[in-house]
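Trainee: Please give me a close look at one side chain and the packing beyond it. What should I look at in this model?

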Amino acid sequence: MLPEDHVPERTPAEYIAKAVKFDDSASLFELGIDPVHGRRWEAPMSVLHADGRVMRWYCWGKGRTDPGNVGLRLLWHDVSDTTTPELPTLSELGMQEMLRSAGVYTGVFAADLAVLTMWLPDAPPWVAWRNIKGGNEIVHPDDRHVLADALATFRSGDTAARCVRARLRSESGWRAAQLSISPYPGPLSDRLVLVQISTMLDEFDSATENFQGSDQGSSGG
């Protein structure tokens, strides 16, 4: 890419979206969100190349907590010349196609930071989530609190899905959406949430600029 097109920060979802098979996202998120100095991580990943072939990557990571470097350092190595890439199972492909056909779009977010970590399996076609300046710029700044508020409710023991409204980034500007937020299953449930996204009715879209994120109550999950 041209230097002026370089984006210094990307969401984890932009990297994971390149994978056609990656089964170790939970362990990667665990170390990335709560790094332990010197702790190692490694896993394989099958990645779709721009020319249509599937590559086999092997990935290594190490946690760091020294000042100025808190996080996870990663090395991604193409080992396609020695190892055959793993492909999705028919069951996995069937589930992905079923979700696409149903128009179901679910994202995993680090709630307190409003950072997108991955899509399950695809992003809503109207959400502008690539090449953004900051990992938390998908949700409007005034609406990001709805994710943290939902997580706080889950932490208190109320795990019913939370139905809220918020503005998400689109190519034409901020667009109102309905979010159904539910707990993330597993050891990162105190940090991550599942967010099912659907567009609002037309009358809400016309009022997007005046829209403020607000909790609309909860529904059974």
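Mentor: Start with the polar contact: a pair of N or O atoms within 3.5 Å; within protein, one must be able to donate a hydrogen and the other to accept it, and residues adjacent in sequence count only if both atoms are side-chain atoms. The model is predicted; local features need pLDDT of at least 70, side-chain atom pairs pLDDT 80 or more, while totals for chains, interfaces and linings use all residues. Numbering runs from 1 along each chain as its sequence is written, and side-chain values use heavy atoms, without hydrogens or water.

Now take histidine 140. A polar atom of its side chain lies 3.0 Å from the backbone nitrogen of aspartate 142. Histidine 140 sits in the loop between strand E6 (115-120) and helix H4 (145-155) (DSSP runs numbered from the N terminus; helices are H or I, at least four residues, strands E, at least two). Its relative accessible area is 12%, so histidine 140 is buried (under 20%, 1.4 Å probe, protein chains only). Beyond four places in sequence, histidine 140 contacts Arg167 and Trp174 (heavy atoms within 4.5 Å).

Move on to the largest nonpolar core, with 27 residues (buried Ala, Val, Leu, Ile, Met, Phe, Trp, Tyr and Cys joined through side-chain atoms within 4.5 Å). Leu147, Leu179, Ile181 and Val193 have the most contacts inside it. E6, H4, strand E7 (162-170), strand E8 (173-183) and strand E9 (192-199) each supply at least two of its residues. H4 gives the largest share, five residues. Valine 193 touches, among others, Leu147, Leu151, Phe154 and Ile181.

Conventions. Buried means under 20% relative accessible area, exposed over 50%, partly exposed in between (1.4 Å probe, protein chains only).
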